[in-house]
Amino acid sequence: MTDQTIVLAGDLVTLTNPEDSHASFFYELASDEQLRYYSSDEPFRKLQPEEFIYYYLTRLMPSTRYYLPFVILDKDTGQPVGQIHAGRIDQDNQNCMIGFEIHPRFQQRGYGTDAVETLLDYLFFDMQLHRVGAEVYEYNQASRKVLKKLGFSQEGRLTEWLYRNGKYWDKLLYGILRNEWINSADDE
């Protein structure tokens, strides 16, 4: 997508492209069983550091025309607190999907909401996308709360998509359009 560094400032966070120095933090995120439970279709398996570093350098860190990753930094301290990305970017149809994770040590402090809000501003105003979507498992109440708070609508449900802990769970599909985002900003 771009070789230039992107830095986006929110109220609580700064989003920037991940660098080599963030590899150990991203390894912590990928190795956290709780985060994998909430964000991955795949059963948890702890990656070996060497395996993860290769994956990080080749898949997570580089931006492409279809994928735009960011590390979420605390705006005051510069400490990494999570990750957020826009994936499946489709410039022809002007849409994408987003995903985000906040490290358990930093949850419930507003970082997730501010990071999503900051990324939406970039996607709608700078990239001129028309629609942004997100997929969330029904048991992920925290992410659902963030999306609803920011004006996303639940658009669909993939019934019994995921089998976890002896039970089937639905995957919920959320979306927001640029005009909905602009109108919600005007209401504030």
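Visitor: What makes the charged end of K167 count as sitting over the ring of W169?

Guide: In this predicted model, the charged end of K167 is 4.1 Å from the centre of the W169 ring, and a charge sits over a ring if it is within 6 Å of the ring centre and within 35 degrees of the ring normal; K167 is therefore listed as sitting over W169.

Visitor: How do you know that W169 is buried or exposed?

Guide: The relative accessible area of W169 is 16%, and because buried means under 20%, W169 is called buried.

Visitor: Why is the pair of F70 and Y122 called edge-to-face?

Guide: The angle between their planes is 80 degrees, with the centres 6.5 Å apart, and since planes over 60 degrees apart count as edge-to-face, the pair of F70 and Y122 takes that name. F70 belongs to strand β3 and Y122 to helix α4, 52 residues apart, so that the pair links distant parts of the chain.

Visitor: Why are F70 and Y122 described as buried?

Guide: F70 has a relative accessible area of 0% and Y122 one of 16%; because the limit for buried is under 20%, F70 is buried, and Y122 is buried as well.

Visitor: What makes Q108 exposed?

Guide: Its relative accessible area is 85%, and because exposed means over 50%, Q108 is called exposed. Q108 lies in the loop between β5 and α4, and its phi is positive, about 65 degrees, although Q108 is not a glycine.

Conventions
Residues are numbered from 1 along each chain as its sequence is written. This is a predicted model: local features need pLDDT of at least 70, side-chain atom pairs count only at pLDDT 80 or more; totals for chains, interfaces and linings use all residues. Side-chain values use heavy atoms; hydrogens and water are left out. Helices (H or I, at least four residues) and strands (E, at least two) are DSSP runs, numbered from the N terminus. Buried means under 20% relative accessible area, exposed over 50%, partly exposed in between (1.4 Å probe, protein chains only). Rings of Phe, Tyr and Trp (its six-membered ring) pair if their centres lie within 6.5 Å; planes under 30 degrees apart count as stacked, over 60 as edge-to-face and the rest as tilted.
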